[in-house]
Amino acid sequence: MCQPCKKTKFANESDALFYLDKLNKTSKRRVIPQGVYLCESCHCWHLTHWNMNDELFKSKEEVLRLKQVIKQRDDTIKVLNKAIIEFRIQPAARRKPKKR
Ligand SMILES: [Zn+2]
């Protein structure tokens, strides 16, 4: 059975994009639809859901945050690797007999 679609339907992509463009210029909402898609249940075009965009936005923020965390860890690893290399070189240097 086909589920009835409660979203605003558009007959084609250009109609949906026209409305999306209008919304982006006039809407005072914090979250404005960012895209359109062809619905598999009603075969009409819809604007992407507000909440879905919000979730997508949150996910993107999270990805950026995690990339920052990874970068910080990479920097720490570099510092530690440098310390390990220096630690390995130093005892060897100390073992060198002093020339007189
Ligand atoms: Zn639909």
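**Notebook: a predicted chain, residue by residue**

I began with H43 and located this residue in the loop between β1 (36-38) and β2 (45-47). Helices (H or I, at least four residues) and strands (E, at least two) are DSSP runs, numbered from the N terminus. I noted that the model is predicted: local features need pLDDT of at least 70, side-chain atom pairs count only at pLDDT 80 or more, and totals for chains, interfaces and linings use all residues. Residues are numbered from 1 along each chain as its sequence is written.

**Entry 1: H43.** I looked up the backbone angle and found a positive phi of about 55°, although H43 is not a glycine. For comparison, I recorded that most residues other than glycine have a negative phi. The cut-offs are 20 or more other C-beta atoms within 10 Å for buried, 12 or fewer for exposed, and partly exposed in between, with C-beta atoms placed from the backbone.

**Entry 2: the whole chain.** I counted two helices and two strands, which run α-β-β-α from the N terminus on. Of the 100 residues, 8% count as buried. I also looked up contacts (C-beta atoms, placed from the backbone, within 7 Å). Among those between residues at least 6 apart in sequence, 44% join residues at least 24 apart.

**Entry 3: the core.** Which residues make up the largest nonpolar core? I listed six: F10, A16, L20, V36, W45 and L47. Both α1 and β2 supply at least two residues of this core. Such a core is a set of buried Ala, Val, Leu, Ile, Met, Phe, Trp, Tyr and Cys residues joined through C-beta atoms within 7 Å. I then followed V36, which is in contact with E13, A16, L17, L20, W45, H46 and L47, leaving aside its neighbours within four places in sequence.

**Entry 4: C39.** I found C39 in the loop between β1 and β2. C39 is partly exposed because 14 other C-beta atoms lie within 10 Å. Not counting residues up to four places away in sequence, C39 touches C5, C44 and H46. The C-alpha atoms of C39 and K9 are separated by 9.1 Å, and these residues are 30 apart along the chain.

**Entry 5: T8.** I placed T8 in the segment before α1 (13-26). With 12 other C-beta atoms within 10 Å, T8 is exposed. T8 touches H46 and L47, not counting residues up to four places away in sequence. T8 and H46 are 38 residues apart in sequence, and their C-alpha atoms are 6.1 Å apart in space.

Definitions and conventions:
Contact = placed C-beta atoms within 7 Å.
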